[in-house]
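Work through the exercises below with the model open. Each task is followed by a solution in steps.

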Amino acid sequence: MQAKMQFRSARTASCVRATRGRAQAKVLCRAFNSMESPFAEELKKNAAYIAQKGKGILASDESNATTGKRLQSVGVDNTEDNRRDWRELLYTAPGLGQYVSGAIMFEETLYQKARDGRQFVDILLAQGIYPGIKVDTGLQVLPGGKGETTTQGLDNLADRCKAYRKQGAKFAKWRAVIKIGEEGCPSTTAILENAHGLARYAQICQENGLVPIVEPEVTLGPGDYSIDETAFWSERVYSHVMRLLNEYGVILEGILLKPNMCLPGLDAPVASPEEVARVTVRTMMRSIPPAVPGIHFLSGGMSEEEATLNLQALNDEAPNAPWALTFSYGRALQATTLKTWAGKESNWAAAQDILVKLAKANSEAAAGKFKGPHPVPGGGRILQALRTGGSGK
Ligand code: 13P
(Lines give C-alpha, C1' and ligand atoms only; values in the text may rest on other atoms or scores of the structure.)
Protein backbone atom coordinates (compact mmCIF):
# COMPACT_ATOMS: atom_id res chain seq x y z
CA MET A 1 0.00 0.00 0.00
CA GLN A 2 2.72 2.37 1.10
CA ALA A 3 4.76 1.42 -1.97
CA LYS A 4 1.73 2.11 -4.15
CA MET A 5 1.24 5.54 -2.56
CA GLN A 6 4.92 6.30 -2.96
CA PHE A 7 4.69 5.29 -6.60
CA ARG A 8 1.59 7.47 -7.05
CA SER A 9 3.14 10.49 -5.45
CA ALA A 10 6.32 9.96 -7.44
CA ARG A 11 4.20 9.77 -10.58
CA THR A 12 2.29 12.90 -9.60
CA ALA A 13 5.57 14.67 -8.91
CA SER A 14 6.99 13.64 -12.25
CA CYS A 15 3.75 14.75 -13.97
CA VAL A 16 4.01 18.10 -12.24
CA ARG A 17 7.63 18.33 -13.32
CA ALA A 18 6.68 17.41 -16.89
CA THR A 19 3.82 19.90 -16.93
CA ARG A 20 6.07 22.55 -15.46
CA GLY A 21 8.69 21.65 -18.02
CA ARG A 22 6.18 22.03 -20.82
CA ALA A 23 4.80 25.25 -19.40
CA GLN A 24 8.30 26.57 -19.00
CA ALA A 25 9.21 25.49 -22.51
CA LYS A 26 6.16 27.35 -23.73
CA VAL A 27 7.12 30.46 -21.83
CA LEU A 28 10.68 30.19 -23.09
CA CYS A 29 9.34 29.86 -26.63
CA ARG A 30 7.32 32.99 -26.20
CA ALA A 31 10.12 34.92 -24.60
CA PHE A 32 12.93 34.02 -26.96
CA ASN A 33 11.31 32.88 -30.13
CA SER A 34 9.67 35.09 -32.59
CA MET A 35 6.03 35.49 -33.43
CA GLU A 36 4.22 32.86 -35.42
CA SER A 37 3.70 34.28 -38.85
CA PRO A 38 2.30 32.51 -41.90
CA PHE A 39 4.98 34.43 -43.79
CA ALA A 40 7.91 33.34 -41.59
CA GLU A 41 9.67 31.13 -44.14
CA GLU A 42 9.09 33.57 -46.99
CA LEU A 43 10.44 36.46 -44.92
CA LYS A 44 13.62 34.54 -44.10
CA LYS A 45 14.08 33.52 -47.73
CA ASN A 46 13.56 37.05 -49.02
CA ALA A 47 15.87 38.61 -46.43
CA ALA A 48 18.57 36.07 -47.32
CA TYR A 49 18.07 36.83 -51.02
CA ILE A 50 18.54 40.56 -50.53
CA ALA A 51 21.56 40.00 -48.25
CA GLN A 52 23.29 37.61 -50.66
CA LYS A 53 27.06 38.03 -50.80
CA GLY A 54 28.29 40.76 -53.11
CA LYS A 55 24.94 42.50 -53.62
CA GLY A 56 23.36 45.52 -51.98
CA ILE A 57 20.40 47.86 -52.14
CA LEU A 58 19.77 50.94 -54.27
CA ALA A 59 17.98 53.41 -51.96
CA SER A 60 15.75 55.50 -54.23
CA ASP A 61 12.92 56.25 -51.84
CA GLU A 62 13.40 59.99 -51.49
CA SER A 63 10.10 61.77 -50.94
CA ASN A 64 8.70 63.96 -53.73
CA ALA A 65 9.99 67.04 -51.92
CA THR A 66 13.54 65.69 -51.55
CA THR A 67 13.57 64.30 -55.09
CA GLY A 68 12.45 67.74 -56.23
CA LYS A 69 15.40 69.42 -54.51
CA ARG A 70 17.81 66.98 -56.11
CA LEU A 71 16.26 67.40 -59.57
CA GLN A 72 16.29 71.16 -59.24
CA SER A 73 20.00 71.03 -58.40
CA VAL A 74 20.57 69.90 -62.01
CA GLY A 75 17.96 72.19 -63.54
CA VAL A 76 15.11 69.70 -63.80
CA ASP A 77 11.61 70.66 -62.65
CA ASN A 78 9.95 68.69 -59.87
CA THR A 79 7.07 67.20 -61.85
CA GLU A 80 5.61 63.71 -61.61
CA ASP A 81 6.85 62.92 -65.13
CA ASN A 82 10.40 64.05 -64.37
CA ARG A 83 10.48 62.03 -61.15
CA ARG A 84 9.23 59.04 -63.13
CA ASP A 85 11.89 59.54 -65.84
CA TRP A 86 14.62 59.73 -63.22
CA ARG A 87 13.51 56.48 -61.58
CA GLU A 88 13.12 54.81 -64.99
CA LEU A 89 16.74 55.72 -65.75
CA LEU A 90 17.82 54.03 -62.51
CA TYR A 91 15.72 50.88 -62.76
CA THR A 92 16.34 50.14 -66.42
CA ALA A 93 20.13 50.52 -66.20
CA PRO A 94 21.45 47.48 -68.09
CA GLY A 95 23.17 44.97 -65.81
CA LEU A 96 22.23 46.69 -62.53
CA GLY A 97 20.77 43.42 -61.24
CA GLN A 98 24.24 41.84 -61.23
CA TYR A 99 25.18 44.12 -58.34
CA VAL A 100 21.94 45.10 -56.66
CA SER A 101 19.39 42.76 -55.06
CA GLY A 102 16.85 45.33 -53.83
CA ALA A 103 15.60 48.84 -54.62
CA ILE A 104 13.70 50.97 -52.13
CA MET A 105 10.95 53.07 -53.66
CA PHE A 106 8.70 55.91 -52.56
CA GLU A 107 4.96 55.22 -52.70
CA GLU A 108 4.41 57.21 -55.90
CA THR A 109 7.16 55.25 -57.67
CA LEU A 110 5.90 51.84 -56.56
CA TYR A 111 2.79 52.37 -58.69
CA GLN A 112 4.51 54.01 -61.67
CA LYS A 113 5.17 52.57 -65.11
CA ALA A 114 7.99 53.06 -67.57
CA ARG A 115 7.36 54.78 -70.90
CA ASP A 116 6.87 51.43 -72.57
CA GLY A 117 3.99 50.67 -70.20
CA ARG A 118 5.77 48.14 -67.99
CA GLN A 119 5.35 48.50 -64.24
CA PHE A 120 8.54 49.52 -62.43
CA VAL A 121 8.12 46.56 -60.07
CA ASP A 122 8.15 44.17 -63.04
CA ILE A 123 11.21 45.84 -64.55
CA LEU A 124 13.05 45.44 -61.25
CA LEU A 125 11.99 41.83 -60.77
CA ALA A 126 13.11 41.01 -64.33
CA GLN A 127 16.57 42.30 -63.27
CA GLY A 128 16.47 40.10 -60.15
CA ILE A 129 16.02 43.20 -57.98
CA TYR A 130 13.39 42.95 -55.24
CA PRO A 131 11.15 46.02 -54.94
CA GLY A 132 10.91 47.64 -51.52
CA ILE A 133 8.87 50.51 -50.13
CA LYS A 134 9.52 53.26 -47.64
CA VAL A 135 6.64 53.10 -45.19
CA ASP A 136 7.46 55.76 -42.63
CA THR A 137 5.89 59.14 -43.17
CA GLY A 138 8.74 61.32 -41.97
CA LEU A 139 10.27 62.83 -38.89
CA GLN A 140 8.65 64.86 -36.15
CA VAL A 141 10.56 66.95 -33.64
CA LEU A 142 10.46 65.74 -30.03
CA PRO A 143 9.91 68.19 -27.20
CA GLY A 144 13.10 69.35 -25.45
CA GLY A 145 14.38 71.97 -27.85
CA LYS A 146 17.35 69.91 -29.01
CA GLY A 147 15.98 69.07 -32.43
CA GLU A 148 15.75 65.36 -31.70
CA THR A 149 13.15 63.49 -33.69
CA THR A 150 10.80 60.56 -33.76
CA THR A 151 9.53 58.84 -36.89
CA GLN A 152 5.88 58.74 -37.84
CA GLY A 153 3.87 56.25 -39.88
CA LEU A 154 2.36 53.57 -37.65
CA ASP A 155 -1.20 54.71 -38.45
CA ASN A 156 -2.80 52.39 -41.03
CA LEU A 157 0.55 50.69 -41.48
CA ALA A 158 -0.92 47.17 -41.60
CA ASP A 159 -3.35 48.14 -44.39
CA ARG A 160 -0.63 49.95 -46.32
CA CYS A 161 1.68 46.92 -46.04
CA LYS A 162 -1.07 44.69 -47.44
CA ALA A 163 -1.59 47.04 -50.40
CA TYR A 164 2.16 47.41 -51.06
CA ARG A 165 2.63 43.64 -50.98
CA LYS A 166 -0.21 43.26 -53.48
CA GLN A 167 1.58 45.73 -55.75
CA GLY A 168 4.75 43.60 -55.60
CA ALA A 169 6.78 45.02 -52.70
CA LYS A 170 8.79 42.40 -50.83
CA PHE A 171 10.38 44.57 -48.18
CA ALA A 172 9.93 47.87 -46.39
CA LYS A 173 12.00 50.62 -44.82
CA TRP A 174 11.54 52.83 -41.76
CA ARG A 175 14.18 55.41 -40.89
CA ALA A 176 14.76 56.56 -37.32
CA VAL A 177 17.24 59.37 -36.80
CA ILE A 178 19.31 59.72 -33.64
CA LYS A 179 21.18 62.95 -33.28
CA ILE A 180 24.53 63.07 -31.43
CA GLY A 181 27.34 65.53 -30.87
CA GLU A 182 25.36 68.09 -28.91
CA GLU A 183 25.02 68.49 -25.16
CA GLY A 184 22.30 66.12 -23.92
CA CYS A 185 21.98 64.22 -27.21
CA PRO A 186 20.87 61.60 -27.60
CA SER A 187 18.36 61.68 -24.78
CA THR A 188 16.99 58.49 -23.27
CA THR A 189 13.59 59.60 -24.57
CA ALA A 190 14.86 59.75 -28.14
CA ILE A 191 16.53 56.34 -27.90
CA LEU A 192 13.53 54.61 -26.33
CA GLU A 193 10.97 56.30 -28.55
CA ASN A 194 12.83 55.46 -31.77
CA ALA A 195 13.57 51.86 -30.69
CA HIS A 196 9.88 51.41 -29.94
CA GLY A 197 8.85 52.81 -33.34
CA LEU A 198 11.27 50.55 -35.20
CA ALA A 199 10.17 47.44 -33.29
CA ARG A 200 6.47 48.12 -33.75
CA TYR A 201 6.98 48.84 -37.46
CA ALA A 202 9.03 45.63 -37.90
CA GLN A 203 6.34 43.60 -36.15
CA ILE A 204 3.56 45.00 -38.37
CA CYS A 205 5.59 44.45 -41.57
CA GLN A 206 6.32 40.84 -40.71
CA GLU A 207 2.69 40.17 -39.83
CA ASN A 208 1.81 41.41 -43.30
CA GLY A 209 4.51 39.65 -45.31
CA LEU A 210 7.13 42.38 -45.83
CA VAL A 211 10.76 42.08 -44.71
CA PRO A 212 11.40 45.18 -42.57
CA ILE A 213 14.62 47.10 -43.05
CA VAL A 214 15.29 48.47 -39.60
CA GLU A 215 17.14 51.77 -39.95
CA PRO A 216 18.47 53.34 -36.77
CA GLU A 217 20.62 56.14 -38.19
CA VAL A 218 22.98 57.74 -35.72
CA THR A 219 23.27 60.68 -38.00
CA LEU A 220 26.46 62.34 -39.16
CA GLY A 221 26.33 65.96 -38.08
CA PRO A 222 28.36 69.06 -37.30
CA GLY A 223 30.77 68.97 -34.38
CA ASP A 224 34.21 67.61 -33.62
CA TYR A 225 33.04 64.56 -31.69
CA SER A 226 35.25 61.50 -32.02
CA ILE A 227 34.65 58.23 -33.81
CA ASP A 228 34.60 56.56 -30.38
CA GLU A 229 31.77 58.80 -29.29
CA THR A 230 29.76 57.78 -32.36
CA ALA A 231 30.59 54.15 -31.57
CA PHE A 232 29.49 54.53 -27.95
CA TRP A 233 26.09 55.93 -28.92
CA SER A 234 25.64 53.60 -31.88
CA GLU A 235 26.21 50.58 -29.65
CA ARG A 236 23.72 51.90 -27.15
CA VAL A 237 21.11 52.65 -29.80
CA TYR A 238 21.45 49.31 -31.62
CA SER A 239 21.32 47.38 -28.34
CA HIS A 240 18.07 49.08 -27.40
CA VAL A 241 16.64 48.43 -30.86
CA MET A 242 17.58 44.73 -30.77
CA ARG A 243 16.17 44.42 -27.25
CA LEU A 244 12.81 45.73 -28.38
CA LEU A 245 12.80 43.66 -31.58
CA ASN A 246 13.17 40.60 -29.32
CA GLU A 247 10.52 41.84 -26.96
CA TYR A 248 8.05 42.36 -29.83
CA GLY A 249 8.66 38.87 -31.24
CA VAL A 250 10.24 40.07 -34.48
CA ILE A 251 11.81 37.23 -36.50
CA LEU A 252 15.44 38.30 -36.65
CA GLU A 253 16.23 36.05 -39.63
CA GLY A 254 13.52 37.96 -41.51
CA ILE A 255 14.79 41.52 -41.06
CA LEU A 256 17.65 43.55 -42.51
CA LEU A 257 19.52 46.24 -40.60
CA LYS A 258 20.41 49.59 -42.13
CA PRO A 259 22.72 51.44 -39.77
CA ASN A 260 25.29 54.20 -40.08
CA MET A 261 28.98 53.47 -40.24
CA CYS A 262 30.80 54.87 -37.20
CA LEU A 263 32.33 58.18 -38.33
CA PRO A 264 33.65 61.19 -36.41
CA GLY A 265 31.71 64.48 -36.50
CA LEU A 266 31.89 66.66 -39.59
CA ASP A 267 34.28 69.14 -37.93
CA ALA A 268 36.74 66.41 -36.87
CA PRO A 269 39.40 65.07 -39.25
CA VAL A 270 38.07 62.31 -41.53
CA ALA A 271 38.91 58.83 -40.21
CA SER A 272 40.77 56.33 -42.38
CA PRO A 273 38.80 53.38 -43.82
CA GLU A 274 40.75 51.04 -41.52
CA GLU A 275 39.75 53.03 -38.44
CA VAL A 276 36.11 53.27 -39.55
CA ALA A 277 36.08 49.51 -40.17
CA ARG A 278 37.73 48.60 -36.86
CA VAL A 279 35.34 50.69 -34.80
CA THR A 280 32.23 49.87 -36.83
CA VAL A 281 32.81 46.10 -36.80
CA ARG A 282 33.48 46.20 -33.05
CA THR A 283 30.20 48.04 -32.54
CA MET A 284 28.24 45.56 -34.68
CA MET A 285 29.87 42.54 -33.00
CA ARG A 286 28.78 43.88 -29.64
CA SER A 287 25.21 44.67 -30.53
CA ILE A 288 23.85 42.79 -33.57
CA PRO A 289 22.95 39.08 -33.23
CA PRO A 290 24.29 36.74 -35.93
CA ALA A 291 20.69 35.74 -36.73
CA VAL A 292 20.30 38.99 -38.69
CA PRO A 293 21.28 38.12 -42.29
CA GLY A 294 22.41 41.49 -43.59
CA ILE A 295 23.83 44.79 -42.40
CA HIS A 296 23.22 47.26 -45.22
CA PHE A 297 25.00 50.50 -44.41
CA LEU A 298 23.60 53.85 -45.50
CA SER A 299 26.01 56.22 -47.21
CA GLY A 300 24.95 59.10 -44.97
CA GLY A 301 26.72 61.85 -46.88
CA MET A 302 30.06 60.08 -47.44
CA SER A 303 31.59 60.79 -50.83
CA GLU A 304 31.05 58.07 -53.41
CA GLU A 305 34.64 56.87 -53.15
CA GLU A 306 34.69 57.07 -49.34
CA ALA A 307 31.53 54.92 -49.16
CA THR A 308 33.13 52.21 -51.32
CA LEU A 309 36.52 52.26 -49.59
CA ASN A 310 34.94 52.07 -46.14
CA LEU A 311 32.77 49.15 -47.24
CA GLN A 312 35.81 47.32 -48.58
CA ALA A 313 37.67 47.98 -45.31
CA LEU A 314 34.73 46.57 -43.31
CA ASN A 315 34.93 43.34 -45.28
CA ASP A 316 38.71 43.24 -44.85
CA GLU A 317 38.25 43.71 -41.11
CA ALA A 318 35.63 40.94 -40.80
CA PRO A 319 35.80 38.59 -43.80
CA ASN A 320 33.92 35.91 -41.85
CA ALA A 321 31.33 38.16 -40.23
CA PRO A 322 28.05 36.37 -39.43
CA TRP A 323 26.06 38.93 -41.44
CA ALA A 324 26.60 40.34 -44.92
CA LEU A 325 28.38 43.68 -44.58
CA THR A 326 26.99 45.52 -47.55
CA PHE A 327 25.31 48.68 -48.82
CA SER A 328 21.95 50.38 -49.05
CA TYR A 329 23.20 53.56 -50.64
CA GLY A 330 21.19 56.51 -51.89
CA ARG A 331 23.46 59.49 -52.44
CA ALA A 332 26.61 57.39 -53.00
CA LEU A 333 24.95 55.73 -56.01
CA GLN A 334 22.86 58.61 -57.30
CA ALA A 335 24.85 61.85 -56.96
CA THR A 336 27.09 61.55 -60.03
CA THR A 337 24.42 59.61 -61.94
CA LEU A 338 22.05 62.55 -61.57
CA LYS A 339 24.68 65.12 -62.50
CA THR A 340 25.56 63.09 -65.59
CA TRP A 341 21.91 62.85 -66.68
CA ALA A 342 20.91 66.46 -65.89
CA GLY A 343 17.50 65.76 -67.46
CA LYS A 344 18.87 65.34 -71.00
CA GLU A 345 17.82 62.40 -73.13
CA SER A 346 21.24 62.46 -74.82
CA ASN A 347 22.92 61.76 -71.44
CA TRP A 348 20.65 58.84 -70.53
CA ALA A 349 23.07 56.03 -71.46
CA ALA A 350 26.11 57.75 -69.89
CA ALA A 351 24.19 58.23 -66.64
CA GLN A 352 23.12 54.58 -66.55
CA ASP A 353 26.70 53.59 -67.26
CA ILE A 354 28.08 55.49 -64.26
CA LEU A 355 25.31 54.12 -62.01
CA VAL A 356 26.21 50.55 -62.95
CA LYS A 357 29.92 51.26 -62.46
CA LEU A 358 29.21 52.63 -58.97
CA ALA A 359 26.99 49.66 -58.15
CA LYS A 360 29.72 47.28 -59.39
CA ALA A 361 32.38 48.98 -57.25
CA ASN A 362 30.20 48.66 -54.15
CA SER A 363 29.25 45.09 -55.01
CA GLU A 364 32.96 44.23 -55.20
CA ALA A 365 33.57 46.00 -51.88
CA ALA A 366 30.72 44.03 -50.30
CA ALA A 367 32.45 40.85 -51.47
CA GLY A 368 35.80 42.16 -50.15
CA LYS A 369 37.20 42.35 -53.68
CA PHE A 370 37.31 46.02 -54.64
CA LYS A 371 40.77 46.89 -55.93
CA GLY A 372 40.07 50.23 -57.65
CA PRO A 373 40.33 52.54 -59.39
CA HIS A 374 37.04 54.05 -58.28
CA PRO A 375 34.66 55.27 -61.00
CA VAL A 376 34.19 58.62 -59.18
CA PRO A 377 37.45 59.26 -57.35
CA GLY A 378 37.83 61.97 -54.74
CA GLY A 379 34.84 64.19 -54.19
CA GLY A 380 33.61 65.76 -51.00
CA ARG A 381 30.82 64.92 -48.64
CA ILE A 382 27.38 64.81 -50.24
CA LEU A 383 25.42 66.48 -47.51
CA GLN A 384 21.80 67.22 -47.23
CA ALA A 385 20.09 68.96 -44.36
CA LEU A 386 18.11 66.82 -41.97
CA ARG A 387 14.48 67.23 -42.91
CA THR A 388 11.70 67.02 -40.40
CA GLY A 389 7.96 66.79 -40.73
CA GLY A 390 6.05 65.74 -43.81
CA SER A 391 7.02 62.55 -45.48
CA GLY A 392 10.41 61.52 -46.58
CA LYS A 393 14.03 61.64 -45.76
P1 13P B 1 21.99 57.71 -48.17
O2 13P B 1 22.80 56.54 -48.66
O3 13P B 1 21.95 58.85 -49.12
O4 13P B 1 22.34 58.09 -46.77
O5 13P B 1 20.49 57.23 -48.16
C6 13P B 1 20.19 56.01 -47.67
C7 13P B 1 18.85 56.05 -47.09
O8 13P B 1 17.95 55.45 -47.61
C9 13P B 1 18.63 56.78 -45.83
O10 13P B 1 17.36 56.56 -45.36
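**Exercise 1: the ligand site**

A backbone N or O atom of Gly330 sits 2.7 Å from an oxygen atom of the ligand. The model is a predicted one.

Task: Find how many residues surround the ligand and which are the closest.

Solution. 
Step 1. Count the surrounding residues: there are 14.
Step 2. Pick out the closest: Lys173, Lys258, Ser299, Gly330 and Arg331.
Step 3. Turn to side chains. An N or O atom in the side chain of Lys173 is 2.5 Å from a ligand oxygen atom. For the side chain of Glu215, an N or O atom is 2.9 Å from an oxygen atom of the ligand.
Step 4. Apply the cut-off for a polar contact, a pair of N or O atoms within 3.5 Å. The Lys173 pair, at 2.5 Å, therefore qualifies. So does the Glu215 pair, at 2.9 Å, and so does the Gly330 pair, at 2.7 Å.

**Exercise 2: H4 against H13**

Task: Classify the packing of helix H4 (residues 80-91) on helix H13 (residues 348-366) as parallel, perpendicular or oblique.

Solution. 
Step 1. Take the geometry. The angle is about 55 degrees, and the axes are 9 Å apart.
Step 2. Compare with the limits. Roughly parallel means under 35 degrees, and roughly perpendicular means 65 to 115. H4 and H13 are therefore oblique to each other.
Step 3. List the contact. H4 supplies Asp85, Glu88, Leu89 and Leu90, while H13 supplies Trp348, Ala351, Gln352 and Leu355.
Step 4. Sort these residues by class: five are nonpolar, one is polar and two are charged.

**Exercise 3: H3 against H4**

Task: Classify the packing of helix H3 (residues 64-72) on H4, and say which residues make the contact.

Solution. 
Step 1. The two helices pack at about 80 degrees, with axes 11 Å apart.
Step 2. The range for roughly perpendicular is 65 to 115 degrees, so H3 and H4 are roughly perpendicular to each other.
Step 3. On the H3 side are Asn64, Thr67 and Leu71; on the H4 side are Asn82, Arg83, Trp86 and Arg87.
Step 4. The classes in this contact are two nonpolar, three polar and two charged residues.

**Exercise 4: H10 against H11**

Task: Describe how helix H10 (residues 273-287) crosses helix H11 (residues 304-317).

Solution. 
Step 1. The axes come within 8 Å and cross at roughly 55 degrees.
Step 2. H10 is therefore oblique to H11.
Step 3. The crossing of H10 and H11 is right-handed.
Step 4. From H10 come Pro273, Glu274, Val276, Ala277, Arg278, Thr280 and Val281; they meet Leu309, Asn310, Ala313, Leu314 and Glu317 of H11.
Step 5. By class, this contact of H10 with H11 holds seven nonpolar, two polar and three charged residues.

**Exercise 5: backbone checks**

Task: Locate the cis peptide bond from Cys185 to Pro186, the cis bond joining Gly372 and Pro373, and Asn156, a non-glycine residue with positive phi.

Solution. 
Step 1. From Cys185 to Pro186, omega is near -5 degrees. Pro186 belongs to the loop between strand E6 (171-179) and helix H8 (188-207).
Step 2. Between Gly372 and Pro373, omega is about -5 degrees. Pro373 is in the segment after H13.
Step 3. The phi of Asn156 is about 60 degrees. Asn156 is in the loop between strand E5 (149-151) and helix H7 (157-166).

Notes
Residues numbered from 1 in each chain as written. Predicted model: local features only at pLDDT ≥ 70, side-chain atom pairs only at ≥ 80, totals over all residues. Heavy atoms only, no water. Axes fitted to C-alpha atoms, helices over the stretch in contact; angles between N-to-C directions. Helix = DSSP H or I, 4+ residues; strand = E, 2+ residues; numbered from the N terminus. Parallel < 35°, antiparallel > 145°, perpendicular 65-115°, else oblique. Contact = heavy atoms within 4.5 Å. Nonpolar A, V, L, I, M, F, W, Y, C, P; charged D, E, K, R; others polar. Near = heavy atom within 4 Å. Polar contact = N/O pair within 3.5 Å; in protein donor to acceptor, adjacent residues only side chain to side chain. Left-handed = near helix turned anticlockwise from the far one by under 90°.
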